[in-house]
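Here are my notes on the model you sent over.

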Amino acid sequence: LRWLRLVVDEGHELVGGDGDLEQATSSFIAELFAERRWVVSGTPTTGDVDDPAIVRSHLYQLQKLLKWLRHPRYGLDADPRLDTREDAADDSERRKALFESEVMAPFCDQQSESARATLVALLRTVTVRHRKTDLKLPSPVYENYEVEVALRPGETPDDDSYQWRVDEALADFVCRTKANHRRPKIAVFSQ
């Protein structure tokens with residue numbers, strides 16, 4: 001069975017789990033044939049980026065993702081169905097060592113601008129990133145309504161009776177707009 005596109009949500013879980021279930025799931029997904037592989041994750045990386053151990057951990061995670069994505073230089077494994085397990089293991093170790101020597105060591109040890117540029121260039125080959133400004137979404141429609149809740153003689157804004165009437169006015173406003181098939185996103189009352 002061949003798939004055109006394989007999309008894995010929560011992609012950071014592909015490489016982060018140490019349990020048997022996580023490893024079995026990752027292995028199963030890795031063996032699926034797909035022309036295109038996508039990893040989706042909105043989870044930010046955590047940890048102190050000034051800590052070398054944390055940086056190395058994140059880069060190892062990146063290398064595992066590159067392997068899953070079948071990156072031609074740092075991730076493509078030999079196919080265990082076509083090659084022997086030894087060939088697949090040797091290829092995997094060779095590509096990991098290549099990643100360590102060309103990306104990880106320069107970035108972690110030298111911390112030079114060229115090492116950073118190498119890592120950024122690598123990330124650009126596998127990353128699609130969109131900001132809200134890139135999406136050209138239509139501007140939201142704002143509608144302002146004023147609902148006056150007048151104070152009664154002898155009443156202050158802190159009185160429970162006044163607060164109760166403000167709550168009633170808000171509920172009434174929301175019900176009226178829903179009845180007109182308009183759903184307010186936010187309603188703000190001021191005194």
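**Notes on the predicted model**

1. Starting with the surface: the chain has an accessible surface of about 14,800 Å², and 53% of that belongs to carbon and sulfur atoms. Bear in mind throughout that this is a predicted model. Of the 191 residues in the chain, 23% count as buried.

2. On confidence, the chain has a mean pLDDT of 79, with 83% of its residues at 70 or more. Which elements mark the two ends of the range in mean pLDDT? Helix α1 (residues 12–16) has the lowest value among the elements, at 69, while helix α5 (residues 113–126) has the highest, at 90.

3. For the layout, count seven helices and two strands. Going along the sequence, you'll read β-α-α-β-α-α-α-α-α. As for contacts, take those with a separation of 6 or more: 59% of them are between residues 24 or more positions apart.

4. Do have a look at arginine 70. Its phi is positive, about 65°, although the residue is not a glycine. Where does arginine 70 lie? You'll find arginine 70 in the loop between α3 (52–69) and α4 (85–110). Arginine 70 has a relative accessible area of 29%, so it is partly exposed.

5. Now the salt bridges, of which the count comes to five. One of them joins the side chains of glutamate 102 and arginine 73, at 2.5 Å from N to O. This pair links distant parts of the chain, 29 residues apart: glutamate 102 belongs to helix α4, and arginine 73 sits in the loop between α3 and α4. That is the loop that also holds arginine 70. Glutamate 102 is partly exposed because its relative accessibility is 27%. Arginine 73 is partly exposed as well, with a relative accessible area of 41%.

6. The side chains of arginine 116 and glutamate 113 meet at 3.8 Å, N to O, and both residues lie in helix α5, three residues apart, or about one turn of the helix. Glutamate 113 counts as exposed because its relative accessibility is 56%, and the cut-off for exposed is over 50%. Helix α5 is also the element with the highest mean pLDDT.

7. Then there is glutamate 155 with arginine 165, whose side chains form a salt bridge at 2.4 Å, N to O. Why does this pair tie together separate parts of the sequence? Glutamate 155 is in the loop between α6 (132–135) and α7 (160–179) and arginine 165 is in helix α7, so the bridge ties together parts ten residues apart in sequence. Are glutamate 155 and arginine 165 buried or exposed? Both are buried.

8. Last, the nonpolar side of the surface. Val7, Trp38 and Val40 make up a nonpolar patch there, and together they have about 270 Å² of accessible area. Valine 40 belongs to strand β2 (residues 33–40). With a relative accessibility of 37%, valine 40 counts as partly exposed, because that category runs between the 20% and 50% cut-offs.

Definitions and conventions:
Residues numbered from 1 in each chain as written. Predicted model: local features only at pLDDT ≥ 70, side-chain atom pairs only at ≥ 80, totals over all residues. Heavy atoms only, no water. Helix = DSSP H or I, 4+ residues; strand = E, 2+ residues; numbered from the N terminus. Buried < 20%, exposed > 50% of the residue type's maximum accessible area, 1.4 Å probe, protein only. pLDDT = per-residue confidence, 0-100. Salt bridge = Lys/Arg side-chain N within 4 Å of Asp/Glu carboxyl O. Patch = residues over 30% accessible without salt bridge, like charges linked within 9 Å, V, L, I, M, F, W, Y side chains within 5 Å. Areas by Shrake-Rupley, 256 points an atom, 1.4 Å probe, with all protein chains shown as cover. Contact = heavy atoms within 4.5 Å.
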